[in-house]
Amino acid sequence: MRFFIPRGADSILGTSLRDELLEALPSTDNDTFENGIPKYVQSPGLMGNSLAAIGARHQMWESNSDHLSSSSESCGPVVSFGQALRSAMEARDGLDEPNMMAESFGTSNQDLTENDDAVEDSTDSRKSSVSSEIADKLCRIPREQGLDAQDFRCAMCRKTIGGSFFAKFETCAIDSKYYCPECMKAGGKIPIPARVVMDWDWRERAVSDRGRAWYEANQEKALINIKTTNPRLYKHVPALEETRQLREKLHLVSMYLFTCRESVAEDFRRRLWPKEYLRSDIHLYSFADLMDVKSGSLIRRLKHILKHSTSHVMSCTLCKQKGFCCELCTVNEVIYPFNTESTHRCDVCFSVFHVECWRTSGECPKCLRRKNFEARRAQADDPNNTLLVLQP
Ligand SMILES: [Zn+2]
Ligand SMILES: [Zn+2]
Ligand SMILES: [Zn+2]
Ligand SMILES: [Zn+2]
């Protein structure tokens with residue numbers, strides 16, 4: 001399957017051979033290429049450790065535009081597996097736009113005309129401002145403003161409340177406003193999303209009819225970003241941390257399934273539907289998801305999907321080839337980034353190593369090669385330097 005990234009997404013760089021070379025090149029001038037092969041082509045030492053990259057060493061640029069498309073594609077360059085994986089990792093770290101990969105996989109409508117785009121834009125911005133309002137209410141505990149702020153009236157029916165001669169009142173835990181007993185009667189008690197997000201406090205509190213209606217209308221909306229609202233929660237809630245790790249794995253393994261046969265990708269999408277964000281934006285939750293974290297049902301579901309996905313990769317001839325070889329040891333074994341317990345990924349270039357090898361070495365050989373190459377290039381660019389240093 002071929003998929004696309006938007007134009008100008010320069011930050012998305014892969015770990016494949018071609019990606020690395022293009023990255024190392026000073027420009028894309030025609031005279032830097034000879035028969036389609038850059039004059040800067042380095043020894044294999046400069047290349048990454050993915051099996052795809054290793055394979056590519058033997059068939060240098062054999063298929064000229066297989067990995068990187070020419071500009072004839074209207075949607076931007078075709079992305080190699082290495083690029084997809086790398087951008088997946090960057091997205092995981094919150095460096096990327098959350099739905100970027102979802103769009104890359106063709107779930108967005110690419111055929112919009114410009115006019116439609118404009119209409120879409122204004123609808124989108126309205127939608128996003130409504131969403132951010134709801135997200136804010138889901139994540140922030142409102143302060144009580146005092147009865148005078150409400151003019152001593154019920155926030156719903158406007159009946160006079162407060163004071164010894166007037167009707168009694170209660171506070172709704174959703175909006176911290178005051179309501180008459182009539183308007184609180186049907187609300188009952190529920191756990192309050194903002195208190196769960198802030199303190200993992202699941203105590204049930206009284207809410208107004210209006211508060212319950214709002215809660216019911218919004219509890220399924222995935223608008224709570226734990227990383228941006230309260231990342232400490234991962235440390236304090238083991239089940240949430242376990243969910244984060246499972247979703248990270250799912251995110252990584254999805255790169256394999258989405259670059260496999262279309263039927264495999266489709267099957268994976270179906271398994272996640274309608275919660276695509278579980279893999280594309282791993283810190284995003286609806287309040288219902290947080291309830292499922294607490295009950296354990298989300299962890300069970302994620303484990304089930306993961307088990308199915310990883311066993312596909314291990315047994316699929318296409319997916320197996322997209323594994324990595326650890327450059328730090330001589331063990332002849334294919335390793336995968338989604339095995340997060342046994343592998344380590346370089347934070348800079350996203351090469352994959354055994355976790356024990358990484359612990360002993362502590363330095364990424366690929367980054368080291370790149371650093372040396374940059375240094376040699378800087379020396380070569382220096383007009384005062386007459387030595388030819390651009391040698392492998
Ligand atoms: Zn009322
Ligand atoms: Zn496969
Ligand atoms: Zn190793
Ligand atoms: Zn590295």
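Predicted model: local features only at pLDDT ≥ 70, side-chain atom pairs only at ≥ 80, totals over all residues.
The protein contains 18 helices and 12 strands. Of its 392 residues, 29% count as buried. Among contacts between residues at least 6 apart in sequence, 65% join residues at least 24 apart.

Helix α11, spanning residues 238-258, packs against helix α15, residues 297-315, at an angle of about 30 degrees. The axes of α11 and α15 are 10 Å apart. Because angles under 35 degrees count as roughly parallel, α11 and α15 are roughly parallel to each other. The crossing in which α11 passes α15 is left-handed. On the α11 side, the contact is made by Ala239, Glu242, Thr243, Leu246, Arg247, Lys249, Leu250, Val253, Tyr256 and Leu257. The residues they meet in α15 are Leu298, Ile299, Leu302, Lys303, Ile305, Leu306, Ser309, Thr310, His312 and Val313. By residue type, the contact of α11 with α15 divides into 12 nonpolar, four polar and four charged residues.

Helix α11 also packs against helix α12, residues 262-272. Here the angle is about 145 degrees, and the axes are 8 Å apart. Ser254, Leu257 and Phe258 of α11 meet Val264, Ala265 and Phe268 of α12. This contact of α11 with α12 comprises five nonpolar residues, one polar residue and no charged residue. Leu257 takes part in the contact with α15 and in the contact with α12.

The largest nonpolar core has 52 residues. Its largest share, eight residues, comes from α11. The residues with the most contacts inside the core are Cys154, Tyr179, Ile224, Val253, Tyr256 and Leu257. Among them, Val253, Tyr256 and Leu257 also belong to the α11 side of the contact with α15. When residues up to four places away in sequence are not counted, Val253 touches Leu306, Ser309, Thr310, Val313 and Phe338. Of these partners, Leu306, Ser309, Thr310 and Val313 are listed in the α15 side of the helix contact.

Cys319 is placed in helix α16, residues 317-320. With 23 other C-beta atoms within 10 Å, Cys319 is buried, since 20 or more such atoms are required for that class. The C-alpha atoms of Cys319 and Cys260 are separated by 6.4 Å, although these residues are 59 residues apart along the chain. Leaving out residues up to four places away in sequence, Cys319 touches Tyr256, Cys260, His312 and Val313. Tyr256 in α11 and both His312 and Val313 in α15 are also part of the contact between those two helices.

Most residues other than glycine have a negative phi, and most peptide bonds are trans. Against this background, the peptide bond from Trp273 to Pro274 is cis, with omega near 0 degrees. Pro274 is found in the loop between α12 and α13, the latter covering residues 277-280. Ser176 has a positive phi, near 60 degrees. The loop that holds Ser176 runs between β3 (170-171) and β4 (178-179). Ser176 is partly exposed, having 15 other C-beta atoms within 10 Å. A positive phi, of about 50 degrees, is also found at Trp200. Trp200 lies in the loop between α7 (193-199) and β6 (204-206) and is partly exposed, with 17 other C-beta atoms within 10 Å.

Two further loop residues, Leu147 and Ala167, lie between α5 and β3. Leu147 counts as partly exposed, with 16 C-beta neighbours inside 10 Å. The C-alpha atoms of Leu147 and Tyr178, 31 residues apart along the chain, are separated by 7.1 Å. Apart from neighbours within four places in sequence, Leu147 is in contact with Phe152, Gly162 and Tyr178. Ala167 is likewise partly exposed, with 13 other C-beta atoms within 10 Å. Between the C-alpha atoms of Ala167 and Arg153, 14 residues apart along the chain, the separation is 9.7 Å. Not counting residues up to four places away in sequence, Ala167 touches Lys159, Thr160, Ile161 and Cys180.

Technical notes. Residues numbered from 1 in each chain as written. Chains lettered and ligands numbered in written order. Axes fitted to C-alpha atoms, helices over the stretch in contact; angles between N-to-C directions. Helix = DSSP H or I, 4+ residues; strand = E, 2+ residues; numbered from the N terminus. Parallel < 35°, antiparallel > 145°, perpendicular 65-115°, else oblique. Left-handed = near helix turned anticlockwise from the far one by under 90°. Contact = placed C-beta atoms within 7 Å. Nonpolar A, V, L, I, M, F, W, Y, C, P; charged D, E, K, R; others polar. Core = buried A, V, L, I, M, F, W, Y, C linked by C-beta atoms within 7 Å. Buried ≥ 20, exposed ≤ 12 C-beta atoms within 10 Å, placed from the backbone.
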